[in-house]
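Subject: Structure for you to look at

Hello,

Please find below the structure I said I would pass on. My notes on what was found follow it.

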Amino acid sequence: MDQVSRDEIGASVAAHAELGDDYEHAVAEGLVDRIGAEVDRRVDARLSSASRRALRGRQPGTFATVVMGLGSMGLGVGATAVVLGNAHNTGAASIMVLVIWAAIAIINVTFGNRR
């Protein structure tokens, strides 16, 4: 609780002592309002910091990562099928398949590091 709130509560107690029992209800309401405002301020601060921590800890782009992984696998398998299906020279086709998968791996690693 900050010093201003403590001073206000102290002033409420002093007012109650000076005014007596006739103003007890009004002093009590003012005190409850001040304490309620302080509680609200603390709750808001905790919720704000908790939501910031939750956002920092969350893995952004999970859906994009899955789409990227599945899409690259599909394209890699398709490209491999095309190269091997039209291959007259299996040595050159094997090298081409390695180049295709190396390019896919580099793209996925780059995409993963960017996130």
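The model is a predicted one. I begin with helix α3, which covers residues 62–85 and has 24 residues. From its first C-alpha to its last, α3 reaches 34 Å, close to the 34 Å expected at 1.5 Å a residue.

Four residues of α3 are buried: S72, G76, T80 and V83. A polar atom of the T80 side chain lies 2.7 Å from the backbone oxygen of G76. Apart from neighbours within four places in sequence, T80 is in contact with V97 and W101.

As for the chain in general, it has four helices and zero strands, so the order of elements from the N terminus is α-α-α-α. There are 115 residues, and 11% of them count as buried. The accessible surface comes to about 8900 Å², with 65% of that belonging to carbon and sulfur atoms. Among contacts with a separation of 6 or more, 55% are between residues 24 or more positions apart.

Next, the charged side chains. How many salt bridges does the structure hold? There are two. E38 forms one with R41, where the closest N and O atoms are 2.7 Å apart. E38 also meets R42 in a salt bridge, at 3.1 Å from N to O. Through these shared partners, E38, R41 and R42 are joined into one network.

An α-helix has 3.6 residues a turn, so residues three or four places apart point the same way.

Is E38 buried or exposed? E38 is buried, with a relative accessible area of 8%.

V43 is partly exposed, at a relative accessible area of 41%. Together with I35, V39 and L47, V43 forms a nonpolar patch on the surface. The accessible area of this patch is about 330 Å² in total.

Regards

Notes: Residues numbered from 1 in each chain as written. Predicted model: local features only at pLDDT ≥ 70, side-chain atom pairs only at ≥ 80, totals over all residues. Heavy atoms only, no water. Patch = residues over 30% accessible without salt bridge, like charges linked within 9 Å, V, L, I, M, F, W, Y side chains within 5 Å. Areas by Shrake-Rupley, 256 points an atom, 1.4 Å probe, with all protein chains shown as cover. Salt bridge = Lys/Arg side-chain N within 4 Å of Asp/Glu carboxyl O. Buried < 20%, exposed > 50% of the residue type's maximum accessible area, 1.4 Å probe, protein only. Helix = DSSP H or I, 4+ residues; strand = E, 2+ residues; numbered from the N terminus. Expected span 1.5 Å × (residues − 1). Polar contact = N/O pair within 3.5 Å; in protein donor to acceptor, adjacent residues only side chain to side chain. Contact = heavy atoms within 4.5 Å.
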